[in-house]
Amino acid sequence: MDSFKVFEIKQSVFEDNDREADLLRGELKEDQTFLLNLMSSPGSGKTTTLVRTIDALKAEMKIGVMEADIDSDVDARTIAQTGAKVIQLHTGGMCHLDAGMTKQGLTEFGTEGIDFIILENVGNLVCPAEFDTGASKNAMILSVPEGDDKPLKYPLMFSIVDVLLINKMDVIEYFDFDLEAVKERAKKLNPNIKVIPISARTGEGMGEWAEWIREEVKNWNEK
(Lines give C-alpha, C1' and ligand atoms only; values in the text may rest on other atoms or scores of the structure.)
Protein backbone atom coordinates (compact mmCIF):
# COMPACT_ATOMS: atom_id res chain seq x y z
CA MET A 1 0.00 0.00 0.00
CA ASP A 2 1.30 3.46 -0.94
CA SER A 3 2.47 5.55 1.99
CA PHE A 4 1.66 8.87 0.40
CA LYS A 5 -1.44 10.76 -0.68
CA VAL A 6 -2.09 11.80 -4.27
CA PHE A 7 -3.72 15.22 -4.48
CA GLU A 8 -5.24 16.32 -7.78
CA ILE A 9 -4.25 19.98 -7.55
CA LYS A 10 -5.44 20.89 -11.06
CA GLN A 11 -8.98 19.74 -10.30
CA SER A 12 -8.93 21.60 -6.98
CA VAL A 13 -7.73 24.81 -8.63
CA PHE A 14 -10.49 24.62 -11.25
CA GLU A 15 -13.18 23.93 -8.62
CA ASP A 16 -12.06 26.88 -6.50
CA ASN A 17 -11.97 29.11 -9.56
CA ASP A 18 -15.45 28.04 -10.66
CA ARG A 19 -16.88 28.96 -7.26
CA GLU A 20 -15.19 32.36 -7.37
CA ALA A 21 -16.44 32.89 -10.94
CA ASP A 22 -20.04 32.19 -9.92
CA LEU A 23 -19.78 34.68 -7.07
CA LEU A 24 -18.37 37.31 -9.42
CA ARG A 25 -21.17 36.74 -11.93
CA GLY A 26 -23.69 37.27 -9.13
CA GLU A 27 -22.06 40.57 -8.18
CA LEU A 28 -22.05 41.76 -11.80
CA LYS A 29 -25.70 40.80 -12.08
CA GLU A 30 -26.58 42.89 -9.05
CA ASP A 31 -24.65 45.84 -10.50
CA GLN A 32 -26.36 45.32 -13.88
CA THR A 33 -22.97 45.20 -15.54
CA PHE A 34 -22.49 42.83 -18.48
CA LEU A 35 -18.97 41.39 -18.78
CA LEU A 36 -17.88 39.81 -22.06
CA ASN A 37 -14.76 37.64 -22.08
CA LEU A 38 -13.21 37.99 -25.56
CA MET A 39 -10.56 35.46 -26.59
CA SER A 40 -8.49 34.79 -29.71
CA SER A 41 -5.03 34.07 -31.06
CA PRO A 42 -2.56 36.94 -31.44
CA GLY A 43 -3.08 38.78 -34.72
CA SER A 44 -6.73 37.84 -35.15
CA GLY A 45 -7.83 41.47 -35.17
CA LYS A 46 -9.17 41.55 -31.62
CA THR A 47 -8.28 45.16 -30.85
CA THR A 48 -9.53 46.42 -34.22
CA THR A 49 -12.79 44.56 -33.63
CA LEU A 50 -13.06 46.20 -30.20
CA VAL A 51 -12.63 49.67 -31.69
CA ARG A 52 -15.40 48.97 -34.23
CA THR A 53 -17.62 47.55 -31.48
CA ILE A 54 -17.16 50.55 -29.22
CA ASP A 55 -17.87 52.96 -32.07
CA ALA A 56 -21.11 51.10 -32.84
CA LEU A 57 -22.41 51.11 -29.26
CA LYS A 58 -20.89 54.02 -27.34
CA ALA A 59 -23.82 56.33 -28.07
CA GLU A 60 -26.25 54.01 -26.31
CA MET A 61 -24.30 52.43 -23.46
CA LYS A 62 -21.38 53.18 -21.16
CA ILE A 63 -18.52 50.89 -22.20
CA GLY A 64 -15.35 49.82 -20.44
CA VAL A 65 -12.45 47.64 -21.60
CA MET A 66 -9.96 45.63 -19.56
CA GLU A 67 -6.91 44.77 -21.66
CA ALA A 68 -4.98 41.72 -20.46
CA ASP A 69 -1.45 41.09 -21.67
CA ILE A 70 1.68 39.47 -20.33
CA ASP A 71 3.34 42.87 -20.82
CA SER A 72 3.01 46.21 -22.71
CA ASP A 73 0.17 48.73 -22.90
CA VAL A 74 -0.09 49.06 -26.69
CA ASP A 75 -3.69 47.83 -26.92
CA ALA A 76 -4.88 49.95 -23.99
CA ARG A 77 -3.48 53.07 -25.66
CA THR A 78 -5.38 52.21 -28.85
CA ILE A 79 -8.66 51.62 -27.01
CA ALA A 80 -8.27 54.82 -24.97
CA GLN A 81 -8.55 56.81 -28.20
CA THR A 82 -12.18 55.64 -28.58
CA GLY A 83 -13.20 57.43 -25.38
CA ALA A 84 -14.09 54.19 -23.59
CA LYS A 85 -12.87 53.69 -20.05
CA VAL A 86 -9.87 51.35 -20.18
CA ILE A 87 -7.44 49.63 -17.85
CA GLN A 88 -4.37 47.54 -18.69
CA LEU A 89 -3.90 44.28 -16.79
CA HIS A 90 -0.46 42.66 -16.72
CA THR A 91 -0.62 38.95 -15.92
CA GLY A 92 2.97 38.55 -14.72
CA GLY A 93 3.74 35.84 -17.26
CA MET A 94 0.43 33.99 -16.93
CA CYS A 95 -1.12 33.00 -20.27
CA HIS A 96 -4.71 33.50 -19.09
CA LEU A 97 -6.98 35.27 -16.63
CA ASP A 98 -8.94 33.45 -13.95
CA ALA A 99 -11.85 34.66 -11.82
CA GLY A 100 -9.63 36.02 -9.06
CA MET A 101 -7.53 38.05 -11.48
CA THR A 102 -10.66 39.34 -13.21
CA LYS A 103 -12.17 40.32 -9.87
CA GLN A 104 -8.98 42.17 -8.93
CA GLY A 105 -9.06 44.02 -12.23
CA LEU A 106 -12.73 44.95 -11.88
CA THR A 107 -12.15 46.25 -8.35
CA GLU A 108 -9.36 48.51 -9.58
CA PHE A 109 -11.35 49.45 -12.68
CA GLY A 110 -14.64 50.21 -10.95
CA THR A 111 -17.92 49.08 -12.49
CA GLU A 112 -20.24 51.81 -11.23
CA GLY A 113 -22.24 53.31 -14.07
CA ILE A 114 -20.79 50.99 -16.70
CA ASP A 115 -23.25 48.91 -18.72
CA PHE A 116 -20.88 46.79 -20.78
CA ILE A 117 -17.31 45.71 -20.05
CA ILE A 118 -15.14 43.80 -22.51
CA LEU A 119 -12.33 41.72 -21.08
CA GLU A 120 -9.74 41.24 -23.82
CA ASN A 121 -8.10 38.05 -22.59
CA VAL A 122 -4.49 37.04 -23.21
CA GLY A 123 -3.99 36.01 -26.83
CA ASN A 124 -4.00 32.23 -27.24
CA LEU A 125 -6.55 29.46 -27.79
CA VAL A 126 -5.44 27.11 -25.00
CA CYS A 127 -5.14 28.50 -21.46
CA PRO A 128 -7.98 31.08 -21.52
CA ALA A 129 -10.47 28.35 -22.45
CA GLU A 130 -9.72 26.43 -19.25
CA PHE A 131 -10.54 29.17 -16.75
CA ASP A 132 -13.95 30.68 -16.05
CA THR A 133 -13.40 34.41 -15.59
CA GLY A 134 -16.84 35.08 -14.16
CA ALA A 135 -17.95 36.75 -17.37
CA SER A 136 -21.60 36.98 -18.38
CA LYS A 137 -20.79 35.51 -21.81
CA ASN A 138 -17.74 34.25 -23.70
CA ALA A 139 -16.78 35.16 -27.26
CA MET A 140 -13.87 34.36 -29.52
CA ILE A 141 -12.43 35.60 -32.79
CA LEU A 142 -11.04 33.30 -35.45
CA SER A 143 -9.44 35.09 -38.38
CA VAL A 144 -9.46 33.68 -41.90
CA PRO A 145 -5.63 33.50 -42.22
CA GLU A 146 -5.49 31.17 -39.18
CA GLY A 147 -7.19 28.40 -41.14
CA ASP A 148 -10.45 26.48 -40.94
CA ASP A 149 -8.98 23.59 -38.94
CA LYS A 150 -8.85 25.43 -35.61
CA PRO A 151 -12.03 23.82 -34.18
CA LEU A 152 -10.30 20.46 -34.69
CA LYS A 153 -7.09 21.61 -32.99
CA TYR A 154 -8.60 23.60 -30.11
CA PRO A 155 -11.99 21.98 -29.38
CA LEU A 156 -12.30 23.24 -25.79
CA MET A 157 -12.21 26.89 -26.85
CA PHE A 158 -14.98 26.41 -29.40
CA SER A 159 -17.06 24.38 -26.94
CA ILE A 160 -17.17 27.07 -24.22
CA VAL A 161 -17.90 30.24 -26.21
CA ASP A 162 -21.35 31.66 -26.88
CA VAL A 163 -20.43 33.45 -30.09
CA LEU A 164 -17.73 32.95 -32.71
CA LEU A 165 -16.65 35.91 -34.82
CA ILE A 166 -14.92 34.89 -38.03
CA ASN A 167 -12.83 37.94 -38.85
CA LYS A 168 -11.02 39.18 -41.98
CA MET A 169 -13.75 38.01 -44.33
CA ASP A 170 -12.56 40.71 -46.73
CA VAL A 171 -9.52 38.54 -47.58
CA ILE A 172 -11.16 35.12 -47.68
CA GLU A 173 -10.67 34.84 -51.45
CA TYR A 174 -6.89 34.78 -50.91
CA PHE A 175 -6.91 31.88 -48.46
CA ASP A 176 -7.91 28.24 -48.54
CA PHE A 177 -10.59 28.77 -45.89
CA ASP A 178 -13.86 26.82 -45.86
CA LEU A 179 -16.40 28.94 -43.96
CA GLU A 180 -19.09 26.25 -43.98
CA ALA A 181 -16.62 23.67 -42.65
CA VAL A 182 -15.78 25.95 -39.71
CA LYS A 183 -19.45 26.45 -38.93
CA GLU A 184 -20.11 22.71 -39.08
CA ARG A 185 -17.12 21.85 -36.89
CA ALA A 186 -17.95 24.55 -34.35
CA LYS A 187 -21.60 23.54 -34.10
CA LYS A 188 -20.66 19.88 -33.69
CA LEU A 189 -18.68 20.89 -30.61
CA ASN A 190 -21.21 23.47 -29.45
CA PRO A 191 -24.72 23.27 -30.97
CA ASN A 192 -25.75 26.60 -29.39
CA ILE A 193 -22.82 28.64 -30.68
CA LYS A 194 -23.68 31.70 -32.78
CA VAL A 195 -21.34 32.24 -35.74
CA ILE A 196 -20.98 35.74 -37.19
CA PRO A 197 -18.65 36.37 -40.15
CA ILE A 198 -17.17 39.87 -39.92
CA SER A 199 -14.50 42.17 -41.23
CA ALA A 200 -13.28 44.60 -38.60
CA ARG A 201 -11.48 46.50 -41.37
CA THR A 202 -14.49 47.07 -43.66
CA GLY A 203 -17.28 46.83 -41.09
CA GLU A 204 -18.90 43.74 -42.65
CA GLY A 205 -21.03 41.87 -40.12
CA MET A 206 -20.47 44.41 -37.34
CA GLY A 207 -24.15 45.37 -37.29
CA GLU A 208 -25.15 41.80 -36.48
CA TRP A 209 -22.43 41.59 -33.82
CA ALA A 210 -23.57 44.86 -32.21
CA GLU A 211 -27.17 43.64 -32.19
CA TRP A 212 -26.12 40.42 -30.44
CA ILE A 213 -24.48 42.50 -27.73
CA ARG A 214 -27.54 44.73 -27.34
CA GLU A 215 -29.79 41.72 -26.84
CA GLU A 216 -27.43 40.03 -24.39
CA VAL A 217 -27.01 43.17 -22.29
CA LYS A 218 -30.78 43.65 -22.25
CA ASN A 219 -31.43 40.03 -21.24
CA TRP A 220 -28.74 40.23 -18.53
CA ASN A 221 -30.41 43.23 -16.95
CA GLU A 222 -33.95 41.84 -17.19
CA LYS A 223 -33.44 38.37 -15.71
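A residue counts as buried when its relative accessible area is under 20%, as exposed when that area is over 50%, and as partly exposed in between. The structure described here is a predicted model. In this model Lys 168 has a relative accessible area of 26%, and Lys 168 is therefore partly exposed. Lys 168 belongs to the loop between S6 and helix H8 (179-189). The phi angle of Lys 168 is near 70 degrees, a positive value in a residue other than glycine. A positive phi, of about 55 degrees, is also found at Gln 32, which is not a glycine. Gln 32 is part of the loop between helix H1 (9-31) and S1. With a relative accessible area of 40%, Gln 32 is partly exposed.

The strands form an open sheet. Seven strands take part, in the order S3-S2-S4-S1-S5-S6-S7, and the pairing is parallel. From one strand to the next, the twist averages 20 degrees.

Strand S4 (116-120) pairs with S1 in the parallel sense, over five bridges. Within this pairing, Phe 34 has Phe 116 of S4 as its bridge partner. S4 is also joined to S2 by five bridges, and these two strands run parallel. Here Glu 67 stands opposite Glu 120 in S4. Because five of the five residues of S4 are buried, this strand is largely enclosed by the rest of the structure. In a regular strand the side chains alternate between the two faces of the sheet. In S4, Phe 116, Ile 118 and Glu 120 point one way, while Ile 117 and Leu 119 point the other way.

Strand S6 (residues 163-167) is paired with S7 in the parallel sense over four bridges. Leu 165 has Ile 196 in S7 as its bridge partner, and Ile 166 has Pro 197 in S7. S6 is also joined to S5 by five bridges, and S5 and S6 run parallel. In that pairing Ile 141 stands opposite Leu 165 in S6. S6 is mostly covered, with five of its five residues buried. Val 163, Leu 165 and Asn 167 point one way from S6, and Leu 164 and Ile 166 point the other way.

Helix H2 (residues 46-57) lies across five strands of the sheet, namely strand S1 (34-40), strand S2 (63-69), S4, strand S5 (137-143) and S6. The angle between H2 and S4 is about 175 degrees. Thr 49 is one of the residues of H2. Its relative accessibility is 1%, so Thr 49 counts as buried. When neighbours within four places in sequence are left aside, Thr 49 is in contact with Ile 141, Leu 165, Asn 167, Ile 198, Ala 200, Met 206 and Trp 209.

Rolling a probe the size of a water molecule over the atoms shows where empty space is left. The largest pocket has a volume of about 180 Å³. Its lining consists of 14 residues, and those nearest the centre of the pocket are Pro 42, Gly 43, Lys 46, Asp 75 and Glu 120. Glu 120 is one of the buried residues of S4. H2 and S2 each contribute at least two residues to the lining of the largest pocket. By class, this lining has three nonpolar, seven polar and four charged residues.

Two pairs of residues show how separation in sequence and separation in space can be set side by side. Glu 222 and Lys 29 are 193 residues apart in sequence, and their C-alpha atoms are 9.8 Å apart in space. Glu 222 lies in helix H9 (residues 206-222). At 56% relative accessibility, Glu 222 counts as exposed. Ala 80 and Met 169 are 89 residues apart in sequence and 26 Å apart in space, C-alpha to C-alpha. Ala 80 is part of helix H3 (residues 74-80), and at 40% relative accessibility Ala 80 counts as partly exposed.

Notes: Residues are numbered from 1 along each chain as its sequence is written. This is a predicted model: local features need pLDDT of at least 70, side-chain atom pairs count only at pLDDT 80 or more; totals for chains, interfaces and linings use all residues. Side-chain values use heavy atoms; hydrogens and water are left out. Two strands pair if DSSP finds at least two bridges between them. Axes are lines fitted to C-alpha atoms, for helices over the stretch in contact, and angles run from 0 to 180 degrees between N-to-C directions. Contact means heavy atoms within 4.5 Å. Buried means under 20% relative accessible area, exposed over 50%, partly exposed in between (1.4 Å probe, protein chains only). On a 1 Å grid over the protein atoms alone, a cavity is a set of points where a 1.4 Å probe fits but cannot get out, and a pocket is an open set with protein on both sides within 12 Å along at least five of seven lines; lining residues have an atom within 4 Å of a point. Grid points are joined across faces, edges and corners, and a volume is the space filled by probe spheres set on the points. Ala, Val, Leu, Ile, Met, Phe, Trp, Tyr, Cys and Pro count as nonpolar, Asp, Glu, Lys and Arg as charged, and the others, Gly among them, as polar.
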